[in-house]
Amino acid sequence: MALDQSYVGRTYPATDPYEVGREKIREFAEAIGDANPAYTDPEAAKALGHPDVIAPPTFVFAITFQAAGLVIQDPQLGLDYSRVVHGDQKFAYTRPVRAGDRLTVTSTIESIKSLAGNDVLMVRGEVHDAAGEHVVTAHTKLVARAAEEA
């Protein structure tokens, strides 16, 4: 069943604030094998002009994908999550994510396309800090594979 095209442009409520901690950043940097000292050493980050440690660019995926869950779980949209694969991810930063940030995400459905029986859903996640300043925009492509014929 094709996704409801009338949902293009729909914006979902902002998430509760996510507080970015130094330890979460360190754990993430270790998990991806990135030894950049700006991710673990406050003095190294300050030497680069940051007020505290910064997060690797893909760190924000965890909170933006969680926010996209509001889209994914919307029963009226008609997305069968059991058939979904993650197609692509892009980030456009205004500034790096920093330890101490309190970030909220607002998700919007940018587009819905049907390609070879598959539904392709583009979700934009706008990430803002506690002051309301833009930090990063995440673009997530989800592909709902076509149902197999009986």
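Two strands pair if DSSP finds at least two bridges between them. Helices (H or I, at least four residues) and strands (E, at least two) are themselves DSSP runs, numbered from the N terminus. With that in hand, here are my notes.

1. **Ground rules.** This is a predicted model, so to speak of local features we need pLDDT of at least 70, side-chain atom pairs count only at pLDDT 80 or more, and totals for chains, interfaces and linings use all residues. Residues are numbered from 1 along each chain as its sequence is written, and side-chain values use heavy atoms, with hydrogens and water left out.

2. **Strand E5 and its partners.** Let's start with E5, residues 134-144. Strand E2 (residues 84-93) runs antiparallel to E5, and nine bridges join them. Find Lys90 and you'll see His139 of E5 opposite. E4 also pairs with E5 in the antiparallel sense, over 10 bridges, and there Val120 faces Val143 of E5. Is E5 enclosed or open? Eight of its 11 residues are buried, so E5 is largely enclosed by the rest of the structure. (Buried means under 20% relative accessible area, exposed over 50%, and partly exposed in between, with a 1.4 Å probe and protein chains only.)

3. **Two positive phi values.** Most residues other than glycine have a negative phi. Ala116 has a positive one, near 50°. You'll find Ala116 in the loop between strand E3 (102-115) and strand E4 (118-128), and it is exposed, at 80% relative accessible area. Gly132 has a positive phi too, near 85°, in the hairpin of E4 and E5, which has five residues between the strands.

4. **A buried histidine in a loop.** His50 sits in the loop between helix H2 (42-47) and helix H3 (61-72). His50 is buried, with a relative accessible area of 18%. What does His50 touch, leaving aside neighbours within four places in sequence? Ala45 and Pro96, where contact means heavy atoms within 4.5 Å.

5. **Aromatic pairs.** Searching the whole structure turns up three aromatic pairs. Rings of Phe, Tyr and Trp (its six-membered ring) pair if their centres lie within 6.5 Å; planes under 30 degrees apart count as stacked, over 60 as edge-to-face and the rest as tilted. One of the pairs is Phe28 with Phe59, edge-to-face, at 5.5 Å centre to centre and 85° between the planes. This pair links distant parts of the chain: Phe28 is in helix H1 (residues 22-32) and Phe59 in the loop between H2 and H3, 31 residues apart. Phe28 is partly exposed at 23%, while Phe59 is buried at 7%. Phe61 and Phe65 are stacked, because their ring centres are 5.3 Å apart and their planes at 25°. Both lie in helix H3, four residues apart, about one turn of the helix.

6. **The nonpolar cores.** A nonpolar core is a set of buried Ala, Val, Leu, Ile, Met, Phe, Trp, Tyr and Cys residues joined through side-chain atoms within 4.5 Å. The largest core has 19 residues, and Ile25, Val97, Leu103 and Val127 touch the most other members. H1, H3, E3 and E5 each give this core at least two residues. Not counting residues up to four places away in sequence, Ile25 touches residues including Tyr39, Val53, Ile54 and Phe59. Another core, of 15 residues, lies apart from it and has Leu3, Ala68, Ile72 and Leu79 among its members.
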